[in-house]
Amino acid sequence: MNPRHQIAVLGGGAWGTALGAMAAHNGHDVRLYARDAASVHSINTLHRNETYLPGIDLPAPLTASTDAASVLSGSDFILCVIPAQAMAGALEELKPLIPRAVPLIICAKGIDRKRGLLMSSLVREIIPDQLIAALSGPSFASDVARGLPTAVTVAAESQAVADRIALALSGPTFRCYSTDDLVGVEIGGSLKNVLAIAAGAAIGRGFGASAQAALVTRGFVELRRVGHALGARPETIMGLSGLGDLLLSCSTSQSRNYSYGLALGRGDDLTGRPLAEGVATAAIAAELVARHSIEAPIIEAVARILDRSITIDEAVEALLARPLKNED
């Protein structure tokens with residue numbers, strides 16, 4: 001049996017609450033930091049987070065607080081579950097409280113659109129001496145919170161650190177594989193959100209399942225190209241945090257990015273929709289592929305659709321008009 005650990009969770013949204021519940025179910029003492037006092041009160045008194053995970057009972061060992069210092073004090077592992085575009089501001093504020101020798105495990109997927117950095121590089125810029133890891137893979141918060149079988153990947157620059165985190169977080173229904181390919185894991189988690197918008201838009205626009213399958217497959221080719229250019233290992237892109245997460249995110253409206261694309265394709269009002277990280281990531285992803293001269297027409301098309309410089313129909317027409325070439 002794994003030793004009992006003190007785990008801090010930064011972020012009281014659906015994913016933070018779900019990971020906290022998973023760790024508590026696996027026998028750890030878990031303290032969650034959230035700004036929303038109502039959510040904190042609900043978690044501590046009702047063992048529910050109705051705002052983000054309605055109808056799901058949370059284990060009693062999961063407690064919450066608005067006091068970040070008390071949550072972080074004495075922790076063995078820190079799960080950083082702050083949305084990608086809010087990460088920089090939150091870390092600047094929390095930096096004095098974060099113990100440097102404790103692994104900070106990034107659980108957000110995206111590219112910071114102001115700095116153009118993956119989350120590990122962002123953390124390293126703000127807290128240069130922090131021990132950094134990342135957790136990514138095909139997983140929905142509600143599934144994890146309910147204890148449904150899930151497998152993810154944990155990455156760190158040191159394989160030994162990744163192994164230690166994976167062992168601590170794994171349990172009967174939550175399996176963690178480990179790797180030292182930190183960049184590869186982050187690329188998959190970031191770009192699949194953009195590609196999921198494309199897949200959802202294809203279905204929402206009425207293009208059918210064949211078009212959806214083509215977009216997912218060719219999107220994966222683009223993911224491989226980006227991974228290769230940035231030094232990711234092919235097996236990482238083929239694994240849970242690459243292909244696995246892409247398949248999940250592009251196949252169901254339970255994915256916020258796919259759901260956003262679906263609404264976009266239907267022409268629905270997008271005001272007030274839940275956070276879809278791919279919306280924020282698309283433009284900076286398009287800049288990234290352009291900077292590295294990577295052929296990624298789907299990523300570029302999503303960025304142009306979202307900034308309204310091209311319609312979905314025009315994007316599809318342009319994709320189909322591209323010169324024919326051997327499959328790669």
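**Strands 9 and 10**

I looked up Thr 153 first: its bridge partner in strand 10 is Tyr 177. Strand 9 covers residues 150-156 and strand 10 covers residues 174-179. The two pair in the parallel sense, over six bridges. I count strands as paired if DSSP finds at least two bridges between them. Helices (H or I, at least four residues) and strands (E, at least two) are DSSP runs, numbered from the N terminus.

The model is predicted, so I note its limits: local features need pLDDT of at least 70, side-chain atom pairs count only at pLDDT 80 or more, and totals for chains, interfaces and linings use all residues. Residues are numbered from 1 along each chain as its sequence is written, and side-chain values use heavy atoms, with hydrogens and water left out.

Right-handed here means that, with the strands pointing away from the viewer, the path from the first strand over the helix to the second runs clockwise.

Next I checked strand 1, residues 6-10. Five of its five residues are buried. My cut-offs are relative accessible area under 20% for buried, over 50% for exposed, and partly exposed in between (1.4 Å probe, protein chains only). Both faces of strand 1 are covered. Gln 6, Ala 8 and Leu 10 lie on one side, Ile 7 and Val 9 on the other.

Which strands pair with strand 1? Strand 2 does, in the parallel sense over five bridges. Strand 4 (residues 77-80) also pairs in the parallel sense, over four bridges. On the strand 2 side, Gln 6 has Asp 29 as its bridge partner. On the strand 4 side, Leu 10 stands opposite Cys 80. Strand 1, helix 1 and strand 2 form a right-handed β-α-β unit.

**Asn 26**

I stopped at Asn 26, in the loop between helix 1 (14-25) and strand 2 (29-33). I listed its contacts, meaning heavy atoms within 4.5 Å. Not counting residues up to four places away in sequence, Asn 26 touches Leu 169, Ser 170, Gly 171, Pro 172 and Phe 174.

**Cysteines**

I searched the whole structure for disulfides and found zero. The cut-off is a pair of cysteine sulfur atoms within 2.5 Å. Cys 80 is buried, at 0% relative accessibility. Cys 250 is buried too, at 2%.

**Helix 9 and the cores**

I turned to helix 9, residues 209-229. Its 21 residues reach 30 Å from first C-alpha to last, close to the 30 Å expected. That expected span is 1.5 Å times one less than the number of residues. Its buried residues include Gln 212, Glu 222, Arg 225 and Val 226. Just after the helix, Gly 231 takes a positive phi of about 90°.

I went on to the nonpolar cores. A core is a set of buried Ala, Val, Leu, Ile, Met, Phe, Trp, Tyr and Cys residues joined through side-chain atoms within 4.5 Å. The largest has 41 residues, and Ile 187, Leu 191, Val 226 and Ile 299 have the most contacts inside it. Among the elements giving two or more residues to this core are helix 8 (182-204), helix 9 and helix 12 (256-266). Helix 8 gives the most, with 10 residues. A second, separate core of 40 residues includes Leu 19, Val 144, Val 152 and Val 154.

I checked Val 226 by itself. Leaving aside neighbours within four places in sequence, Val 226 is in contact with Ile 187, Leu 191, Leu 288, Val 289 and Ile 294.

I noted His 47, with phi near 55°. His 47 lies in the loop between helix 2 (37-45) and strand 3 (62-65) and is partly exposed at 27%. Ser 293 also has phi near 55°. Ser 293 lies in the loop between helix 13 and helix 14 and counts as exposed, at 68% relative accessibility.
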